[in-house]
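Hello,

I am passing this structure on to you, and my notes follow below it. Have a look through it first, then read on.

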Amino acid sequence: MASTMLSIASATPSASLSMHEKLKGKVKLGSTTNSTAGFIKTKSFGRVSMVAAVNVSRFEGVTMAPPDPILGVSEAFKADTDEKKLNLGVGAYRTEELQPYVLDVVKKAENLMLERGENKEYLPIEGLAAFNKVTAELLFGADNSVLKEQRVATVQGLSGTGSLRLAAALIERYFPGAKVLISSPTWGNHKNIFNDARVPWSEYRYYDPKTVGLDFEGMIADIKAAPGGSFILLHGCAHNPTGIDPTPEQWEKIADVIQEKNHIPFFDVAYQGFASGSLDNDASSVRLFATRGMELLVAQSYSKNLGLYAERIGAMNVVCSSSDLAARVKSQLKRLARPMYSNPPVHGARIVANVVGNPALFDEWKAEMEMMAGRIKNVRQKLFDSLSAKDKSGKDWSFILRQIGMFSFTGLNKAQSDNMTNKWHVYMTKDGRISLAGLSLAKCEYLADAIIDSYHNVS
Ligand code: PGU
């Protein structure tokens with residue numbers, strides 16, 4: 001009886017009985033059952049029949065997702081066995097020996113934490129209070145009136161990405177239909193974040209390939225043309241992937257248009273300290289907007305500047321026009337966070353609180369920050385020198401020196417970037433971005449050869 005009911009032919013996902021139902025005994029399978037390779041062998045009425053139980057998966061409809069355009073590059077790099085290989089994909093700082101780097105101040109902060117015997121109890125939903133205090137001070141400056149007037153809702157986030165995602169959820173809930181404008185190009189994950197949060201977005205012009213610089217007129221025109229009350233996503237410093245930032249005068253004009261149109265500025269600050277080497281200078285765009293009395297959003301990340309990539313530590317700050325509003329916004333950020341991840345991890349938050357909150361460690365951090373930013377500047381210069389010396393075509397490579405931060409946007413197209421990887425074992429994103437943080441002085445000449453070959457010999 002059971003063997004005919006459960007023949008293989010009838011075992012489509014809808015027609016077959018679930019394993020759960022069978023095991024619960026809703027259907028009698030026979031005297032003995034045992035499971036082999038997805039089938040349940042049943043003995044009934046003296047004959048053995050193979051009965052399909054779990055041969056058709058409920059996951060049949062799941063297709064293979066493509067590799068991530070940035071993190072997938074590291075996976076491909078690992079699989080390459082060529083010793084010349086170079087990983088310039090992900091923006092992660094490496095030493096001159098191309099090894100990952102744990103900052104000395106981070107080790108010192110961790111030792112302090114061990115000595116104190118910190119516990120592992122849950123944090124509040126909004127995160128570690130000492131972290132939230134220092135992260136907002138680092139961003140706005142401790143004397144900023146937005147802090148004195150308690151107009152900032154700060155919650156600890158799961159690094160930059162998680163903080164952006166939380167803000168996207170806030171936009172989706174409280175500003176239904178509002179659009180986010182993002183720069184063209186931008187960090188690839190921005191689009192994923194707003195798509196996943198079901199927040200509509202469009203692009204504003206940013207990069208001009210002709211000048212290899214900022215398309216300032218286009219940017220202003222597109223921000224002006226956006227529906228009033230849109231969120232304008234801005235890279236606080238060290239724009240990813242182009243390495244091109246507006247000048248202070250241009251920032252003023254951007255703020256003018258945003259104010260005129262009643263838009264809401266939304267800063268992504270993932271590289272504070274990596275643009276100029278100075279934590280204060282790199283926060284000047286955000287501070288300019290805050291000083292004008294504007295309401296704004298700022299996502300922060302400590303992945304790069306404290307090298308805390310895997311600790312997932314960052315924050316979401318919402319500057320409001322009153323302390324009462326800030327308290328309300330914070331309560332809603334907590335409400336959004338609770339069902340998503342409940343409360344954030346403590347380890348990275350304590351490291352930041354210890355480093356930024358301790359004057360001696362803070363000074364040491366600034367020196368290490370300058371050292372890291374300085375190493376990147378050195379390889380930037382060496383790469384430019386190597387390209388200029390080797391390339392006899394007369395091409396002007398000086399745009400590399402004008403770009404800032406961890407990356408260089410080489411202008412190589414997808415086919416040329418593929419050549420970099422397939423022929424030269426140089427791993428990079430397909431938009432032509434290379435992470436100079438993963439380059440050493442010793443590898444600059446090799447990289448210059450690869451770029452010159454790809455640029456001139458691949459169309
Ligand atoms: N915002 C920007 C502009 C970024 O470039 C990154 C990281 C983040 C936010 C988020 O970093 P968190 O680690 O979540 O704080 N971009 C790097 C890292 C790799 C990645 O794509 O996550 C990059 O290589 O572009």
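Which residues in helix 14 meet which residues in helix 17? V379, K382, L383, S386, L387 and K390 in helix 14 meet C444, E445, L447, A448, D449, I451 and I452 in helix 17. By class, this contact has 8 nonpolar, 1 polar and 4 charged residues.

Before more detail, a word on the source: this is a predicted model, where local features need pLDDT of at least 70 and side-chain atom pairs count only at pLDDT 80 or more, while totals for chains, interfaces and linings use all residues. Residues are numbered from 1 along each chain as its sequence is written, and side-chain values use heavy atoms, leaving out hydrogens and water.

Back to the helices. The axes of helix 14 (residues 359–390) and helix 17 (residues 444–457) come within 9 Å and cross at roughly 50°. That makes helix 14 oblique to helix 17, and their crossing is right-handed.

Next, the ligand. An N or O atom in the side chain of S159 is 2.5 Å from a ligand oxygen, and one in the side chain of D268 is 2.6 Å from a ligand nitrogen. R312 has a polar side-chain atom 2.8 Å from an oxygen atom of the ligand.

Lastly, S202 lies in strand 7 (residues 201–205). Leaving aside neighbours within four places in sequence, S202 is in contact (heavy atoms within 4.5 Å) with K179, V180, L181 and I182. The side chains of S202 and K179 are joined by a polar contact (N or O atoms within 3.5 Å) of 3.3 Å.

Best wishes

Notes: Axes fitted to C-alpha atoms, helices over the stretch in contact; angles between N-to-C directions. Helix = DSSP H or I, 4+ residues; strand = E, 2+ residues; numbered from the N terminus. Parallel < 35°, antiparallel > 145°, perpendicular 65-115°, else oblique. Left-handed = near helix turned anticlockwise from the far one by under 90°. Nonpolar A, V, L, I, M, F, W, Y, C, P; charged D, E, K, R; others polar. Polar contact = N/O pair within 3.5 Å; in protein donor to acceptor, adjacent residues only side chain to side chain.
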